[in-house]
Amino acid sequence: MSGSKFETALRLIDEAHAHDPRIIQSNGIEQPYELYYSKKMSDYLERCDSNATETLRLAIRAQHLRRWEVPRDSYAMTKTGYHLWRTYLKKRQADIATQICLDSGYSEEDAQRVGSLVKKEHLKQDAETQILEDVACLVFLDDQFEEFEKEHDESKIINILKKTWGKMSERGHELALSISMSERARELVAKALAD
């Protein structure tokens, strides 16, 4: 890795995450939620691709960059509202990540690549975008699914699991099946995969 610019960009991304007002406790440590989430993303990247490029490592770390500043309820609580919110967030997060990379000394091309990855452009055609999607899905299944499952009915959860599974690669599937889950979560995953 090219040391200083990578470390500078990573530090600036983490500093942005550290402003998240939502604090969680994990392994006895209190920290801002998005900082926790971004580190979990980096941990899963190591499992998916320990030789990942700097641009992919930065894009992985920049997922959800300052997302808390645009809460879900700032858009209509409809399917269309959800998609508008997600589309806006992808562009905003990509723009912020691109600027951080430029400020850290990366070329325009590399900075734009980070932004493209954050937006998940060319999913299924771009191997790095696919890895990023796998990582995001794995973090959802490992860290967010059981809480999410409590808030929605079974048919909606199974539908979401099917969509999540469909976005993942075979390697992502292998890693997902190795995640430690509650019996109820495993049951829902089995139902989603059985259909």
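**Cavity, pocket and core**

Mentor: Leu141, Leu161, Lys162, Trp165, Ala176, Leu177, Met181, Val189, Ala192 and Leu193 form the lining of the largest cavity. Keep in mind throughout that this is a predicted model.

Trainee: Which elements give two or more residues to that lining?

Mentor: Those elements are helix 7, helix 8, which covers residues 170–177, and helix 9, which covers residues 183–194.

Trainee: And what volume does the largest cavity have, and how do its lining residues divide by class?

Mentor: Its volume is about 70 Å³, and the lining divides into 9 nonpolar residues, no polar ones and 1 charged residue. As for the count, there is 1 cavity of 30 Å³ or more.

Trainee: OK, switching to pockets. What is the volume of the largest pocket?

Mentor: The largest pocket comes to about 1700 Å³, and 41 residues line it, with Arg67, Tyr82, Trp85, Arg86 and Phe148 lying nearest its centre. Two or more lining residues come from each of helix 2 (33–48), helix 4 (79–103), helix 6 (127–150) and helix 7 (154–167).

Trainee: Which helix gives the largest share of that lining?

Mentor: That is helix 4, with 9 residues. By class, the lining of the largest pocket holds 16 nonpolar, 10 polar and 15 charged residues.

Trainee: While we're on helix 4, is Thr80 buried or exposed?

Mentor: Thr80, which lies in helix 4, counts as exposed because its relative accessibility is 54%, and the cut-off for exposed is over 50%. If you want a sense of distance, Thr80 and Ala16 are 64 residues apart in sequence, and their C-alpha atoms are 28 Å apart in space.

Trainee: Last topic, the core. How many residues does the largest nonpolar core have?

Mentor: The largest nonpolar core has 52 residues, and those with the most contacts inside it are Leu56, Leu58, Leu65, Val135, Leu138, Leu141 and Leu161. Helix 6 gives the largest share of this core, 10 residues. As a general point, nonpolar side chains in soluble globular proteins tend to be buried together.

Trainee: What is Leu138 in contact with, leaving aside its neighbours within four places in sequence?

Mentor: With those neighbours set aside, Leu138 is in contact with Tyr44, Cys48, Met168, Gly172, Leu175, Ala176 and Ile179. One of these, Ala176, also lines the largest cavity.

Trainee: You listed Leu56 and Leu58 too, so what about helix 3? How many of its residues are buried?

Mentor: Helix 3, residues 54–61, is mostly covered, with 8 of its 8 residues buried. Besides Leu56 and Leu58, these include Glu54, Arg57 and Arg61. The cover over the buried residues of helix 3 includes helix 1 (4–17), helix 2, helix 4, helix 5 (108–118) and helix 6.

Terms used. Residues numbered from 1 in each chain as written. Predicted model: local features only at pLDDT ≥ 70, side-chain atom pairs only at ≥ 80, totals over all residues. Heavy atoms only, no water. 1 Å grid on protein atoms, 1.4 Å probe; cavity = no way out; pocket = protein on both sides within 12 Å on 5 of 7 lines; lining within 4 Å. Points joined across faces, edges and corners; volume = space filled by probe spheres on them. Helix = DSSP H or I, 4+ residues; strand = E, 2+ residues; numbered from the N terminus. Nonpolar A, V, L, I, M, F, W, Y, C, P; charged D, E, K, R; others polar. Core = buried A, V, L, I, M, F, W, Y, C linked by side-chain atoms within 4.5 Å. Buried < 20%, exposed > 50% of the residue type's maximum accessible area, 1.4 Å probe, protein only. Contact = heavy atoms within 4.5 Å.
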